[in-house]
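I opened this notebook page to keep track of what I looked up, step by step, and in what order. The entries go from whole chains to single residues.

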Amino acid sequence: MDVQTLTYLIVGFTFALYIGIAIWSRAGSTKEFYVAGGGVHPVVNGMATAADWMSAASFISLAGIVSFVGFDGSVYLMGWTGGYVLLALCMAPYLRKFGKFTVPDFIGDRYYSQAARTVAVVCAIFICFTYIAGQMRGVGVVFSRFLEVDVETGVYIGMAVVFFYAVLGGMKGITYTQVAQYCVLIFAFMVPAIFISVMMTGHILPQIGFGAELVDAAGNGTGTYLLDKLDGLSNELGFAQYTEGSKSTIDVFFITGALMFGTAGLPHVIVRFFTVPKVKDSRSSAGWALVFIAIMYTTIPALAAFSRVNMIETINGPDSTGVAYETAPQWIKNWEKTGLIKWDDKNADGKIYYAKGPENEMKIDRDIMVLATPEIADLPAWVIALVAAGGLAAALSTSAGLLLVISTSVSHDLLKKNLMPDISDKKELMFARIAAAAGIVMAGYFGINPPGFVAAVVAIAFGLAASSLFPAIVMGIFSKTINKEGAIAGMITGLGFTAAYIIYFKFMNPGDNNPANWFLGVSPEGIGMLGMLINFAVAFGVSKVTAKVPDSVQEMVEGIRFPKGSGGAQSH
Amino acid sequence: MSFENNDQAQGYWRENLRLVLSLLAIWAAVSFGCGILLVDVLNEIHFMGFKLGFWFAQQGAMYVFVALIFVYAAKANALDKKYNVHED
């Protein structure tokens, strides 16, 4: 069977599976819609959280980014996993004991203020929308490459599938669908990585192969370590050393921090820890989530290094002078058709050649690394089809999780708690579904007409979460003296500073966006960490000079600090 | 209040804070420390085919993160039992 037929078959089968699960676990009450009735086992919840977290961007793009920037890519690897330690230690158990549905619920109650709740709702909705804008595009790209339909059709198909299970199923449907999606996406990611690791180093585990000696076609050791080879190639071709990188230390520090603290402040991640039966489970569930995420995230840098060596060697040939175009492998010609690889024969010798300097003849898009790996390594057609299904699983699971938070924020936080307090349970559920539908339409719109600034927008989402929601939640748990005035002032200054810095460099004066102009040498991607420190400082300062926190709120804070008496969510 | 008295409540919270802070110190040491600030020093040391600093940044830190959460979960659950504030 050819790749085309296999892709239809495998993608069709996985979609049928997701929709089947959504129908089987349809939500009947608002509580099931929001938090799956609180009856999700911690390991299952961890797996669903991992699927929710790993978006099309991490599946398709991250290995490509690491492959092209080497050490600098560590900011994403550490940043997007380290945040889970903060979640587990500083937030999950306490928020689970608090026992309500959403992040704005906590901020509104802890800071006894409708204004604080509104600020949190606005942050949550904005963060989710910026995130989801990129997801539908991912679905469209995968469809267009592998099903050979245009990107628009791909986006419409994706919208229909997400609508079906997010809007009908709610959290209960999403949780179980995400478990299925995790299995599909991790299998699809690991199979090519293992194949290529065995081919290049003889080790089954890519994590071990990453630090091993390269082997030749017959499987005999060559005496050269993969990473030494890579550093050698980088030197020879004029790139920065693969294991050293080129960003300044302070910038790497701040970007990693912004991503870690931002991760711990993302509403669609936090809400997952409301769905486990007990406080105890919320602790281990974060650990399981990280186990499932780390399986992929520790494979990513290995895959990145394998593909880098593979790519340079196939293009430049054994003697590093380039290979003749006619004899070049088929994958280069396949991807040339999509425009993501370009060849410009500058010295007119009929050979392709890749390097850093002016003699470079190849333009290679980073995003193709994962999708093209099976072709580069000459793996069977079913592996290529599987990778397409995995990319779709990653995009769909993340979109569904985000839509749920958007719908909850609108129907629960905005309508029920703000505008229409005496709305019925049934009506609230209806509004939740309408909000999810509206969210899908908007995501679809951005999928078809992508803003040219998706990457910049993601930096904003993490920066805003790190500088607004994360400090407000942590201070709410660990301090009894931060009052309403302090929290609101902190969120607004932290958020305002971060947003202004990013907007200035990314949208108003992109020409000035270089280390010479950055404050303390911190790029817009890392500024969220500074915003967070400002938030903490302002909140403490303002709380010192304004009214004391009411006794009832102080008692509530004491109440969430130990597990006994946690109730509610496990009643199903 | 589920604690027998105020001293118990304060003792529990103090021990909990000590646990969280010591684990966060390890968290910061492996990522911000070994993976970023000390990376050049550690890169002088070779570990299998890796430079050690690079290994921390792209592998080691993540393994430690996973371990930290499970250690926290086990110790926090034990602390709940010690002060009799665990769930039924």
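The entries below record what I looked up in this predicted model.

**Entry 1: chain A as a whole**

I began with the secondary structure of chain A, for which I noted 21 helices and 6 strands. I then asked how the radius of gyration of chain A compares with that of a compact globule. For 572 residues such a globule would have a radius near 25 Å, and chain A, at 24 Å, agrees with that. Along its principal axes, the C-alpha trace of chain A spans about 80 × 55 × 40 Å. Of the 572 residues in chain A, 58% are buried. I also looked at contacts in chain A between residues at least 6 apart in sequence, and found that 81% of them join residues at least 24 apart.

**Entry 2: chain B as a whole**

For chain B I wrote down 3 helices and 2 strands, which follow the pattern α-α-β-β-α when read along the sequence. The globule rule gives 12 Å for the 88 residues of chain B, whereas its radius of gyration is 18 Å, well over that value, so chain B is more spread out than a compact globule. The spans of its C-alpha trace along the principal axes are about 55 × 20 × 15 Å. Buried residues account for 36% of the 88 residues in chain B. Among contacts in chain B between residues at least 6 apart in sequence, 53% join residues at least 24 apart.

**Entry 3: annotated spans of chain B**

Next I checked the UniProt record, an unreviewed entry, where the annotation "transmembrane region" covers residues 20–42 and 54–74 of chain B. What does the model show over residues 20–42 of chain B? Here I found 96% helix and 0% strand, with the end C-alpha atoms 27 Å apart. Residues 54–74 of chain B are 100% helix and 0% strand, and the end C-alpha atoms of this span lie 30 Å apart.

**Entry 4: where the two chains touch**

I then turned to the interface, in which 42 residues of chain A are in contact with 35 residues of chain B. On the chain A side, at least two residues each come from helix H5 (74–98), helix H10 (226–237), helix H11 (249–264) and helix H13 (279–316). Which of these gives the most to the side of chain A that touches chain B? I noted H13(A), with 12 residues. By class, the residues on this side of chain A are 23 nonpolar, 13 polar and 6 charged.

**Entry 5: a helix pair in chain A**

I looked up how helix H15 (residues 368–376) of chain A packs with helix H16 (residues 381–419) of chain A, and read an angle of about 170° with the axes 9 Å apart. Because angles over 145 degrees count as roughly antiparallel, that is how I describe H15(A) relative to H16(A). H15(A) makes the contact through Leu371(A), Pro374(A) and Glu375(A), and H16(A) through Val383(A), Ile384(A) and Val387(A). The contact of H15(A) with H16(A) has 5 nonpolar, no polar and 1 charged residues.

**Entry 6: residues with positive phi**

Most residues other than glycine have a negative phi, so I wrote down two exceptions. Tyr112(A) has a positive phi, near 35°, and is found in the loop between helix H6 (103–110) and H7 of chain A. With 16 C-beta neighbours inside 10 Å, Tyr112(A) counts as partly exposed. In chain B, the phi of Met48(B) is also positive, near 50°. Met48(B) has its place in the loop between strand S1 (46–47) and strand S2 (50–51) of chain B, and is partly exposed, with 13 other C-beta atoms within 10 Å.

**Entry 7: two further loop residues of chain A**

The C-alpha atoms of Asp150(A) and Gly140(A), 10 residues apart along the chain, are separated by 7.9 Å. Pro329(A) lies in the loop between strand S3 (323–324) and helix H14 (330–338) of chain A, and is partly exposed, with 13 other C-beta atoms within 10 Å. From Pro329(A) to Met442(A), 113 residues apart along the chain, the C-alpha separation is 41 Å.

How values were computed
Residues numbered from 1 in each chain as written. Chains lettered and ligands numbered in written order. Predicted model: local features only at pLDDT ≥ 70, side-chain atom pairs only at ≥ 80, totals over all residues. Contact = placed C-beta atoms within 7 Å. Helix = DSSP H or I, 4+ residues; strand = E, 2+ residues; numbered from the N terminus. Nonpolar A, V, L, I, M, F, W, Y, C, P; charged D, E, K, R; others polar. Rg over C-alpha atoms; globule rule 2.2 N^0.38 Å. Buried ≥ 20, exposed ≤ 12 C-beta atoms within 10 Å, placed from the backbone. UniProt positions renumbered as here; feature names shortened; annotations may be inferred. Axes fitted to C-alpha atoms, helices over the stretch in contact; angles between N-to-C directions. Parallel < 35°, antiparallel > 145°, perpendicular 65-115°, else oblique.
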